[in-house]
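Work through the following exercises with the model open. Each one is a task followed by its solution in steps.

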Amino acid sequence: MKAKALASFGLLLAVLAEACSVGLLGLSGWFIAASAVAGASAYSAFSYLAPSGGVRAFALGRIATGYANRVVLHAAALRRISAARLAVYDQAAGSEGTGWSGRSLDRVMADADTTGMAVIQATTPVVVTAAMTAGGCVAVVLAGYPLAALTLASAVIACAVLAVASACRTDDTARTRGLLRTELVTAVEAWPEMASLGATDQLAHRTLQRLEAFEGGRNRDAATTAHALGGARAVTAAALLLTVLLTARSGATIATLVFVGLLAAGVMANAERLVAATSAWIQLRQAKAHLAAAGEDETCRPEVATTFRATYDGRSLAVSGYQLPETPTRDEREIAFTVATGQTLVITGPSGSGKTTLIAAIATALRRQPGPAVVTAVLADDYLFTGTIADNFRLANPAVNHAEVTDLLIAMDLNRAGLEPQTTIGVGGRNLSGGEQRRLHLARALATEPDVLLIDEPTTGLDADTARQILHAARRRRPHAILLLAMHQPQPDTHPLGPHWTALSLE
């Protein structure tokens, strides 16, 4: 309700600001023309006091309402963005058995931003144009030129039709970009296999075709928008010319002619903005559709048996009733274990044995347990958000400072790679190697100062020495924490795991 009230107030201020702008344009033009005519006439009794005061009033009103409307509309947009983001997080948190990826959250956050900014990019231009058209036409009619007012209204309607037609012909860029991203990821993953088959040329050709199609779509959308904007400007020029001619034929004075022409120019300038506004409106509809379908394409994790329990009482972690399903290499069985503080449990097993599912189930159960315990999980599909390293750490722990981030980077041996708190990591961490991303995941997890730390495949992408170093750093920094590590097999050198470690095989 507060966001709606702010948006309504901001729209009112936007209309007032634009009215002051158009009024300033028209009145100042009339004033200059009337002063010129009076100066060319002998014994003129023209008074400049009232019009000059009106010009000053419009100028001050434009400044005040323009600043106020920007402040209020941006506050309303931020409230809408926050509400949309919280709704997405609530949906993700309430999605039983659904594993939302960081990449999916990144995409829906962009859609939430689009829905929030729509009040500025789509709603405001439409409301302002409608109000200015109505006000401008009424002013022209009251001045005694109804045909000029009808021409002005028809021109605005023509611009609106052009804008809507252009927006409806544009593609869903977010969807096509997502399809292209999926294609590129698939191509990269399939490259070694295709190379062994000698089919890399065909794969490259197909990928290039998809890239060309995407670029062609973007160029078509840009051309459509450019044509619509060009058409709107042509309509504006014709409307201004016709308005001035109709006003002149009605016997208007030079000053009145200038006033009507400038008033029409101000109205048509707003009409041209409808092209961008309708495009933003189409993007809003697409973003709402994406948000409504968010999470539907996520991978569902297997449901955990109702007998499963995982509890942490500050002294130990107890897991019971977890059902391991039957596989070709093992029978169905139930597992249970207890891990005390300061101990490490290494969960081993081949790919597909259920290590990741077990880690995720324990993390979910512990987070639902009331209490001050900090439970942090680093899963195989963990995600790095766009921004700097420090930004990612502060998402995990808002209180972490610059020195602590640097210390964690040193602990993970990332300082040798030149990484610093202000290093930009790119979308999804693309500026980093796989091993650097993995170590950054672990460092970010340690920044939360967890009581229970669960890590899926902590040594993926790391050589033996680096793997040993980061495991030792994790245990050294959290000596009293419980560590659960899911690995294909224990490290040959178990010293980094500490003296108190055990192994649980899921084979």
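**Exercise 1.** In this predicted model, determine which strands helix α9 lies across, and how those strands are arranged.

Solution. Start with the helix: α9, residues 355-368, lies across β1, β2 and β3. Its direction makes an angle of about 130 degrees with β2. Next, order the strands: they form an open sheet of three, β1-β2-β3, paired antiparallel. β1 (309-312) and β3 (333-340) each have a single partner strand, so they stand at the edges and one side of each lacks a neighbour in the sheet. On average, neighbouring strands here are turned by 10 degrees against each other, direction ignored. Finally, look at one pairing: β1 and β2 (residues 316-324) run antiparallel and are joined by four bridges. Within it, threonine 311 has alanine 318 of β2 as its bridge partner.

**Exercise 2.** Classify the packing of helices α10 and α11 by angle, and describe the residues in contact.

Solution. α10 (residues 389-396) and α11 (residues 402-411) pack at about 105 degrees, with axes 10 Å apart. Angles of 65 to 115 degrees count as roughly perpendicular, so α10 is roughly perpendicular to α11. α10 contributes Ile389, Phe393 and Arg394 to the contact, and α11 contributes His402, Val405, Leu408 and Leu409. Sorted by class, the contact has five nonpolar residues, one polar and one charged.

**Exercise 3.** Is strand β4 buried or exposed, and with which strands does it pair?

Solution. Five of the five residues of β4 (residues 344-348) are buried, so the strand is largely enclosed by the rest of the structure. Thr344, Val346 and Thr348 point one way, while Leu345 and Ile347 point the other. β4 pairs in the parallel sense with β7 (residues 482-487) over five bridges, where isoleucine 347 stands opposite alanine 486. β4 also pairs in the parallel sense with β8 (residues 501-505) over five bridges, and there threonine 344 has tryptophan 501 as its bridge partner.

Methods:
Residues numbered from 1 in each chain as written. Predicted model: local features only at pLDDT ≥ 70, side-chain atom pairs only at ≥ 80, totals over all residues. Heavy atoms only, no water. Pairing = 2+ DSSP bridges. Helix = DSSP H or I, 4+ residues; strand = E, 2+ residues; numbered from the N terminus. Axes fitted to C-alpha atoms, helices over the stretch in contact; angles between N-to-C directions. Contact = heavy atoms within 4.5 Å. Parallel < 35°, antiparallel > 145°, perpendicular 65-115°, else oblique. Nonpolar A, V, L, I, M, F, W, Y, C, P; charged D, E, K, R; others polar. Buried < 20%, exposed > 50% of the residue type's maximum accessible area, 1.4 Å probe, protein only.
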